[in-house]
Amino acid sequence: MTTEIYAYRLLVWLADHTGRDTYQVVNIVQFAAVENLPVAQEERAARLLEGAAQLLEARGYVTLYVASGPTIDARLTAEGVSEAERIVAERADPVARLDHALSGLVKAAYADPTGGLRLDVFVATATFLGEHLKIDEVLRAARYLHDYGLAVIGSGAGGQPETLTLTSRGIDCALAGTKVRKCVSDQNTSATGPTFNQYISAGGTGAQGMSVTQNVGVQPAQLADLVRQLRDVAPRLELARPARDEFLQDVEVLEDSEQDPQERLSAGQRIKAALIQGGTAVGVEAILAGLTNIAGMISG
């Protein structure tokens, strides 16, 4: 636990313990006992407590009164009460928690030297304003990144989400330094991709012979990521050589924006069938989901 995390927890505890009374002086050493730290960590806890208290004082949230020995007395300021109330409110806001989980996943995945962030490791250390994120919140954020083409989720032997790997779009978000949802919005606005014209003949007496033109945008970066993943997984599919060659030919059709949309959709269906038939490799489930997204963009 870092000093910053400990400071959030200490400030909220002080506000609760004093009933938000800015005149009450509290021996904050009591807070270490609330944390239930084992005896072996008492010295480290004392250092964290002192550092957290000094950090809160530097930010104007508490006034410290240091007595002899290990005693550290503190009094909340009005600013400290306001900050404690903000922390409690943000902790209860699901949107704020999702935003934080999204940013944390993107930063951690970008910084991971293996290129594939282990989700269990992230869950074990991820916090929001001093409070641990729940596994369901992290998985929801991971699915969001996957659904918008920012990352690929790798599954373990039991089919459970295990790793998160950024795509080129995800790396762009990490480098942009903005909130992930804003990055997604900016990418969708600036990179609408090529347009396909799909002509649909409507049947029925009143609409016989009528043609409808449908413009469908496919984002190049998202399609490029999917094509790369398909080519990477091809050697690991349990398919005979001719079937694997046909699989790669279909990938070329799917990639080619000059192809007729219906031909690309048919190629996508054959790719999906091949993945289901021979796809025991890690990551196939995530690729299938990405394939479904691209097919939806092509078909409208």
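**Close-up 1. R231 and its salt bridge with E255.** In this predicted model, R231 is partly exposed, its relative accessible area being 35%. R231 forms a salt bridge with E255, and the closest N and O atoms of the two side chains are 2.8 Å apart. R231 belongs to helix α10 (residues 220–233) and E255 to helix α11 (residues 241–255), so the pair ties together parts of the chain that are 24 residues apart in sequence. E255 is likewise partly exposed, with a relative accessible area of 37%.

**Close-up 2. The salt bridge between D99 and K179.** The closest N and O atoms of D99 and K179 are 3.8 Å apart, and the two residues form a salt bridge. Because D99 lies in helix α5 and K179 in the loop between α8 and α9 (180–190), this pair ties together parts that are 80 residues apart in sequence. The two partners fall into separate accessibility classes: D99 is buried, with a relative accessible area of 10%, whereas K179 is exposed, with a relative accessible area of 54%.

**Close-up 3. The packing of helices α5 and α7.** Helix α5 comprises residues 94–111 and helix α7 residues 135–147; they pack at an angle of about 65 degrees, and their axes are 9 Å apart. Angles of 65 to 115 degrees count as roughly perpendicular, and α5 and α7 are therefore roughly perpendicular to each other. The crossing in which α5 passes α7 is right-handed.

**Close-up 4. E4, R59 and the salt bridge that joins them.** The structure holds 14 salt bridges. In the one shown here, E4 pairs with R59, and their closest N and O atoms are 2.9 Å apart. The pair links distant parts of the chain, with E4 in helix α1 (residues 3–18) and R59 in the loop between α3 (42–58) and β2 (62–66), 55 residues apart. E4 counts as partly exposed at 29% relative accessibility, and R59 also counts as partly exposed, at 38%.

**Close-up 5. L129 in the loop between β5 and β6.** L129 is found in the loop that runs between β5 (127–128) and β6 (131–132). The phi angle of L129 is near 50 degrees, a positive value in a residue other than glycine. With a relative accessible area of 11%, L129 is buried, because buried means under 20%. The C-alpha atoms of L129 and E4 are 8.7 Å apart in space, although the two residues are 125 residues apart in sequence.

**Close-up 6. R20 within a network of salt bridges.** R20 is linked with D16 and E85 in a network of salt bridges. R20 itself lies in the loop between α1 and β1 (25–27). Although R20 is not a glycine, its phi is positive, at about 65 degrees. The relative accessible area of R20 is 31%, and R20 is thus partly exposed.

**Close-up 7. A nonpolar surface patch containing I171.** Y110, I171 and L175 form a nonpolar patch on the surface, and together they have about 300 Å² of accessible area. I171 is located in helix α8, which spans residues 168–176. With a relative accessible area of 33%, I171 is partly exposed.

How values were computed
Residues are numbered from 1 along each chain as its sequence is written. This is a predicted model: local features need pLDDT of at least 70, side-chain atom pairs count only at pLDDT 80 or more; totals for chains, interfaces and linings use all residues. Side-chain values use heavy atoms; hydrogens and water are left out. Patches are made of residues with over 30% relative accessible area and no salt bridge: like charges are joined within 9 Å, nonpolar side chains (Val, Leu, Ile, Met, Phe, Trp, Tyr) within 5 Å. Accessible areas come from the Shrake-Rupley method with a 1.4 Å probe; for residues, only the protein chains shown count as cover. A salt bridge is a side-chain nitrogen of Lys or Arg within 4 Å of a carboxyl oxygen of Asp or Glu. Helices (H or I, at least four residues) and strands (E, at least two) are DSSP runs, numbered from the N terminus. Buried means under 20% relative accessible area, exposed over 50%, partly exposed in between (1.4 Å probe, protein chains only). Axes are lines fitted to C-alpha atoms, for helices over the stretch in contact, and angles run from 0 to 180 degrees between N-to-C directions. Angles under 35 degrees count as roughly parallel, over 145 as roughly antiparallel, 65 to 115 as roughly perpendicular and the rest as oblique. A crossing is left-handed if the near helix is turned anticlockwise from the far one by less than a right angle, and right-handed if clockwise.
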